[in-house]
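Here's a quick briefing to read with the structure open beside you. Take a look at the model first, then work through the points below.

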Amino acid sequence: MASISLNAQAPAPAQPAAAAAPAPAPDYKDDNSWLCRPGRKGDACDVDLTTTIVAADGTLTRETFAADPKAPIDCFYVYPTVSTDATPNSDMSQDPAEKNVVLQQFARFAAKCRAFAPMYRQITLRGLQTALATGADPLGLFSKGVQYDDVRDAWLHYLKNDNQGRGVVLIGHSQGAFILQALIANEIDGKPVQKQLVGAYILGATFLTPKGKDVGGQFKQIPLCKKPGQIGCVVNYSAFRSTVTPPANTLFGHSADPASSGNCTNPVTLGAGGAPLRAYLSAGGRMIAMAGPPLKPWATDKTVDTPFVSVPGLLTAECKTNEFSTYLEIKVNGDPADPRVDDITGDLGAATKPIAQWGLHLIDVNLAMGNLLDLVDAQAKAYRSRK
């Protein structure tokens with residue numbers, strides 16, 4: 001896997017990370033070590049997810065949200081690099097950054113599964129800048145050290161104390177996705193617990209397999225998802241605009257080894273061809289690590305007063321490969337003749353000059369949230385029927 005340059009992650013302070021020992025290892029028997037656990041009031045998953053659906057003709061419809069306390073499976077989530085702590089690894093405080101990323105990426109999954117999200121001593125934005133200055137390989141960087149140890153310990157605690165033989169979907173983005181790759185390779189792939197794996201959603205991270213193969217490389221037995229009804233498989237993509245495709249220095253979906261390749265799973269179809277996305281976007285333009293630029297109205301002369309919006313028909317997705325990368329191409333189907341907004345935010349960099357190597361990394365999960373929820377639902381039904 002190619003190394004990532006300093007520009008690979010969200011902006012971090014220019015100063016080098018302070019030399020400091022990591023915070024003490026977390027105790028996952030302590031409720032405070034979890035951002036989300038099922039049935040808790042006031043935790044990071046107990047948030048307002050009300051959504052305004054903005055139709056192409058400008059009509060606004062309100063969609064409410066409810067978690068399912070009787071969900072048939074579990075979801076275990078590892079969040080991406082968001083910590084603004086000044087140390088190389090984060091502490092275990094539930095800061096606004098961690099709560100916001102759960103709001104954007106994970107809380108909505110509680111409609112389909114019991115939600116588990118551990119805090120962990122992740123490599124911070126500042127620590128990552130320092131580490132990547134040496135040209136560190138991202139999988140190697142995240143697959144050892146306290147950030148990996150914490151997620152492993154949380155996973156083993158969950159299996160022993162909470163799982164009770166249930167099926168589980170693992171969900172990770174960016175740093176969280178690289179950690180999940182190592183966790184699955186070490187603790188699940190080829191082990192008895194693999195039979196409980198409903199799906200592994202490795203999002204916003206390069207996942208390599210031997211060229212032309214659905215399995216091999218990082219995992220020996222767990223394949224890529226390729227068709228509806230398939231369970232125990234990997235969903236992997238990184239999103240790029242159709243108008244800003246991956247360049248030579250792309251950060252995602254590229255393999256430096258000609259014998260292997262990056263991958264893309266269309267979360268809508270699990271196969272070829274384009275299909276509409278059911279995005280859940282922050283109504284105020286918030287992304288996982290930063291606020292977006294000022295937004296135009298979602299519809300002319302209309303006010304949106306919910307935390308999220310959905311824009312049916314505006315976005316379509318299709319897996320593509322160019323000379324540099326395999327990626328999920330996002331096409332924005334704006335129509336200047338209708339009253340709905342014609343574009344979305346989500347790029348790193350200026351609106352008129354996005355940083356191409358990043359793609360739409362900051363909204364990878366938001367873009368396909370509704371489709372991922374549909375996929376969890378379908379895989380849970382397939383898993384239960386096979387049991």
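**Crossing helices and open pockets**

Helix α4 passes α5 in a right-handed crossing. Keep in mind that you're looking at a predicted model.

**How α4 and α5 meet**
- Helix α4 covers residues 146-163 and helix α5 covers residues 175-187; their axes come within 10 Å and cross at roughly 60°.
- Because of that angle, α4 counts as oblique to α5.
- On the α4 side, the contact is made by Gln147, Tyr148, Val151, Arg152, Trp155 and Leu156.
- Over on α5, the partners are Gln175, Ile179, Ala182, Leu183, Asn186 and Glu187.
- Sort the residues of this contact by class and you get seven nonpolar, three polar and two charged.

**The largest pocket**
- How much space lies in the largest pocket? It's about 440 Å³.
- Its lining is made up of 23 residues, and the ones nearest the centre are Lys296, Val341, Asp343, Ile344 and Thr345.
- That lining of the largest pocket splits into 12 nonpolar, five polar and six charged residues.

**The second largest pocket**
- The second largest pocket comes in at about 350 Å³.
- Here 17 residues do the lining, with Pro38, Gly39, Arg40, Ala67 and Ala110 nearest the centre of this second largest pocket.
- By class, the lining of the second largest pocket has nine nonpolar residues, seven charged ones and one polar one.

Terms used:
Residues numbered from 1 in each chain as written. Predicted model: local features only at pLDDT ≥ 70, side-chain atom pairs only at ≥ 80, totals over all residues. Heavy atoms only, no water. 1 Å grid on protein atoms, 1.4 Å probe; cavity = no way out; pocket = protein on both sides within 12 Å on 5 of 7 lines; lining within 4 Å. Points joined across faces, edges and corners; volume = space filled by probe spheres on them. Nonpolar A, V, L, I, M, F, W, Y, C, P; charged D, E, K, R; others polar. Axes fitted to C-alpha atoms, helices over the stretch in contact; angles between N-to-C directions. Helix = DSSP H or I, 4+ residues; strand = E, 2+ residues; numbered from the N terminus. Parallel < 35°, antiparallel > 145°, perpendicular 65-115°, else oblique. Left-handed = near helix turned anticlockwise from the far one by under 90°. Contact = heavy atoms within 4.5 Å.
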